[in-house]
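Here are a few exercises to work through with the model open in your viewer. Try each task before you read its solution.

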Amino acid sequence: MTDAAHQTPIVRLAPAKLNLTLAVVGRRADGFHDLHSVFVPLALHDVLTVAPAGTAGPDSLHVTGMDAGPLEENLVLRAIAAARTAIGQGPGRPTTPPLAVRLEKRIPVAAGLGGGSSDAAAAIDASLEAWGASEALDPARRHAVAASVGSDAPFFLAGNPALVEGRGERITPLTGIHGQPGILLVTPAVAVRTPDVFAVFDGSHAGTGGDGSVRMTSAHLAQELGNGLSATDLIARAGVLASANDLMAAAALVAPGLVQLRRALTRVLGRPIGLSGSGPTLWTLYPSLGEAEGAAVTVEAAIADGSIPSIGDGPASIIPTTIRTRQEEAST
Ligand code: C5P
């Protein structure tokens with residue numbers, strides 16, 4: 001064993017992500033797509049608590065908060081199993097006893113916010129610590145374990161603003177944003193499966209990527225965030241960023257009503273509305289969290305009076321948050 005196994009629970013905050021840009025560069029031989037995307041972590045997060053189970057048997061997972069779907073599909077248990085396999089067993093290897101995991105779900109599920117992948121990355125980190133095995137996997141092997149669980153998971157191991165390329169495994173950290181812009185997230189209760197969105201995209205692009213304009217915007221933003229961009233300058237670019245997602249048209253076909261919802265939000269909020277990942281979460285940028293909170297109240301009222309359509313099987317999640325900053329990471 002490399003260091004002492006923990007008996008006390010280990011708590012990790014698993015942040016959501018937002019894609020400020022998402023260019024599809026092309027389809028790969030393995031069926032995945034090469035991307036060029038600027039990811040930023042958000043203050044919105046799930047909370048993962050990991051402790052040794054103290055009994056024989058499988059790892060267990062107890063989820064509270066938002067509906068996270070079937071337990072057997074949860075990436076947390078898959079991530080722990082993958083970490084255990086990567087460590088291996090045998091003389092001199094850390095033991096990897098069963099773990100009891102609690103997950104407080106605050107990030108809407110299957111929403112384009114990366115919640116499942118973030119939980120998985122946090123689970124890899126926390127389980128290694130619980131086993132006293134933090135040194136057992138070097139960063140490259142940790143990265144490989146994360147990539148095996150989900151395309152977005154490697155980004156969350158560091159959780160800093162980054163240019164994400166390839167299938168999601170090539171991460172270039174970016175200086176990011178100075179200041180703390182507010183973000184309003186509106187996630188309609190419409191099931192959007194990522195593979196369906198990519199399949200519709202492929203159907204209209206014959207195996208090629210987008211037309212290159214989103215890629216140019218993405219490269220430009222990555223360069224700017226590499227040097228550090230003020231919140232004011234980021235918001236000045238909101239109009240361009242809100243249309244810098246090659247999956248927008250495909251997501252609109254998979255999620256009925258998304259176009260009408262986006263149009264209504266644009267009208268009511270008077271700001272550009274973007275799409276995160278493969279959707280269906282729509283986002284708007286604000287100079288501060290307070291203004292995003294004000295916009296959330298406006299959207300709630302507009303849905304109640306019918307001026308924003310209610311789409312999907314239930315109420316939309318309307319969540320004001322901020323881009324997670326380095327100062328905030330240090331204080332949490
Ligand atoms: O890796 P993950 O399970 O998150 O991917 C879900 C699905 O999204 C994949 O099965 C694939 O259809 C699609 N995908 C893709 N290219 C990526 C990431 C995801 O085609 N870079």
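**Exercise 1: a buried charge**

Asp 246 is buried but makes no salt bridge, and the nearest side chain of opposite charge, Arg 215, sits 8.7 Å away. Bear in mind that this is a predicted model.

Task: work out where Asp 246 is placed and which backbone atom its side chain reaches.

Solution. 
- Start with the chain: Asp 246 is in the loop between helix H8 (238–242) and helix H9 (248–254).
- Next, rule out a salt bridge: the cut-off is 4 Å, and Arg 215 is 8.7 Å away.
- Finish with the surroundings: leaving out residues up to four places away in sequence, Asp 246 touches Leu 22, Ala 23, Val 24, Phe 201, Gly 210 and Val 214.

**Exercise 2: around the ligand**

Task: find which side chains have an N or O atom 2.7 Å or 2.5 Å from a ligand oxygen, then look for a backbone atom 3.0 Å from a ligand nitrogen.

Solution. 
- List the surroundings: among the residues around the ligand are Gly 31, Phe 32, His 33, Ser 151, Arg 167 and Phe 198.
- Check the side chains: an N or O atom of His 33 is 2.7 Å from a ligand oxygen, while for Ser 151 the distance to a ligand oxygen is 2.5 Å.
- Then the backbone: Arg 167 has an N or O atom there that lies 3.0 Å from a nitrogen of the ligand.
- Last, the cover: on its own the ligand has 450 Å² of accessible area, and the protein covers 72% of that.

**Exercise 3: two salt bridges**

Task: take the pairs Glu 129 with Arg 12 and Asp 46 with Lys 105; are the residues of each pair buried or partly exposed?

Solution. 
- Glu 129 and Arg 12 meet in a salt bridge at 2.4 Å, N to O.
- Glu 129 has 22% relative accessibility, so it counts as partly exposed. Arg 12, at 22%, is partly exposed too.
- In the salt bridge of Asp 46 with Lys 105, the closest N and O atoms are 2.4 Å apart. Asp 46 is in strand S2 (residues 33–52) and Lys 105 in strand S4 (residues 99–105), 59 residues apart.
- Both Asp 46 and Lys 105 are buried.

Terms used:
Residues numbered from 1 in each chain as written. Predicted model: local features only at pLDDT ≥ 70, side-chain atom pairs only at ≥ 80, totals over all residues. Heavy atoms only, no water. Helix = DSSP H or I, 4+ residues; strand = E, 2+ residues; numbered from the N terminus. Buried < 20%, exposed > 50% of the residue type's maximum accessible area, 1.4 Å probe, protein only. Lys, Arg positive; Asp, Glu negative; His and termini not counted. Polar contact = N/O pair within 3.5 Å; in protein donor to acceptor, adjacent residues only side chain to side chain. Contact = heavy atoms within 4.5 Å. Near = heavy atom within 4 Å. Areas by Shrake-Rupley, 256 points an atom, 1.4 Å probe, with all protein chains shown as cover.
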